[in-house]
Amino acid sequence: MSGRETAMMLLGIQALIGAFDTLYFHEWKARLPALGAAARSELRLHWIRSMIYAFLFALIPWWEPQGLWAGLVLILLLTEIGITVADFIVEDTVRAPLGGVFAGERATHTIMAILHGAILAFWVPVLWEAFAAPTAWLWQPAAMPRWFCWAFVLLSAGVFGSGWRDFYASTGRPGSHWPWPRA
């Protein structure tokens, strides 16, 4: 299995854990969309992260970035590290009225951060090599079962929708807290 495919396997695991984290901890337990302006900074970080993953999930099963596009993917992967560090800090402030970040959520975030490091270990060398090639997106479906590649497209749609929900909730507009009562 190549570095790209190994990174995809790890990214798929991270995506499933991230979906659990979002649905259980962010939505159900913390009800972040209902916190309004108090959660704006955290929701905006989640929105940016979601857009990065929506882009990556949609493209990497089918396309290989070359040249400057590979550099962009590297920048996005490194940006995600910065977002995670900022999120760790912001969460402590946003979640203080809730008694802090839930212990299980902190553990989940730690596991996802470790997975991100493993993804970087496998994918960065591939992207670094591709950075030297002429700039292009090459149609090169991953050497993975087709259902796995299509699952990434579904993950892309899900994380895109979740990200826009976070952005909309961060604006505090009417109905943005749905289905939770405004906190």
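Mentor: What follows is a set of questions and answers on a predicted model.

Trainee: How many aromatic pairs does the structure hold, and how is the pair of Trp69 and Trp137 classed?

Mentor: The structure holds 19 aromatic pairs. In one of them, Trp69 and Trp137 have ring centres 5.7 Å apart and planes at 40 degrees. Planes under 30 degrees apart would count as stacked and over 60 as edge-to-face.

Trainee: Which parts does the pair of Trp69 and Trp137 tie together?

Mentor: Trp69 belongs to helix H3, residues 68-94. Trp137 belongs to strand E2, residues 136-139. The pair therefore links parts 68 residues apart in sequence, namely H3 and E2.

Trainee: Which residues form one aromatic cluster with Tyr53?

Mentor: The cluster is made of five named residues, and Tyr53 is one of them.

Trainee: How do helix H2 and helix H5 pack, by angle and direction?

Mentor: H2 spans residues 40-59 and H5 spans residues 146-171. Their axes are 8 Å apart, at an angle of about 160 degrees. Angles over 145 degrees count as roughly antiparallel, so H2 is roughly antiparallel to H5.

Trainee: What is the handedness of the H2 and H5 crossing, and what is the contact made of by class?

Mentor: H2 passes H5 in a left-handed crossing. Sorted by class, the contact of H2 with H5 has 15 nonpolar, six polar and three charged residues.

Trainee: What is the relative direction of H3 and H4, and what is the handedness of their crossing?

Mentor: H4 covers residues 103-131, and the H3 and H4 axes come within 9 Å. They cross at roughly 165 degrees, and H3 and H4 are therefore roughly antiparallel to each other. The crossing of H3 and H4 is left-handed.

Trainee: Which ring does the charged end of Arg31 sit over, and which ring does Arg106 lie over?

Mentor: Arg106 lies over the face of Phe88, 6.0 Å from the ring centre. For Arg31, the charged end is 5.1 Å from the centre of the ring of Trp28.

Trainee: What is the phi of Arg31, and where is Arg31 in the chain?

Mentor: Most residues other than glycine have a negative phi, and most peptide bonds are trans. Arg31 is found in the loop between helix H1 (3-29) and H2. At 29% relative accessibility, Arg31 counts as partly exposed. Its phi is positive, near 50 degrees.

Trainee: Which residues does a cis peptide bond join, and what is omega?

Mentor: The bond joins Trp178 and Pro179. Pro179 is in the segment after H5. Omega of this cis bond is about 5 degrees.

Trainee: Where is His177, and how far is His177 from Pro33 by C-alpha atoms?

Mentor: His177 is also placed in the segment after H5. With a relative accessible area of 22%, His177 is partly exposed. His177 and Pro33 are 144 residues apart along the chain, and their C-alpha atoms are separated by 4.7 Å.

Conventions. Residues numbered from 1 in each chain as written. Predicted model: local features only at pLDDT ≥ 70, side-chain atom pairs only at ≥ 80, totals over all residues. Heavy atoms only, no water. Phe/Tyr/Trp six-rings, centres within 6.5 Å; stacked < 30°, edge-to-face > 60°. Helix = DSSP H or I, 4+ residues; strand = E, 2+ residues; numbered from the N terminus. Lys NZ or Arg CZ within 6 Å of the ring centre and 35° of its normal. Axes fitted to C-alpha atoms, helices over the stretch in contact; angles between N-to-C directions. Parallel < 35°, antiparallel > 145°, perpendicular 65-115°, else oblique. Left-handed = near helix turned anticlockwise from the far one by under 90°. Nonpolar A, V, L, I, M, F, W, Y, C, P; charged D, E, K, R; others polar. Buried < 20%, exposed > 50% of the residue type's maximum accessible area, 1.4 Å probe, protein only.
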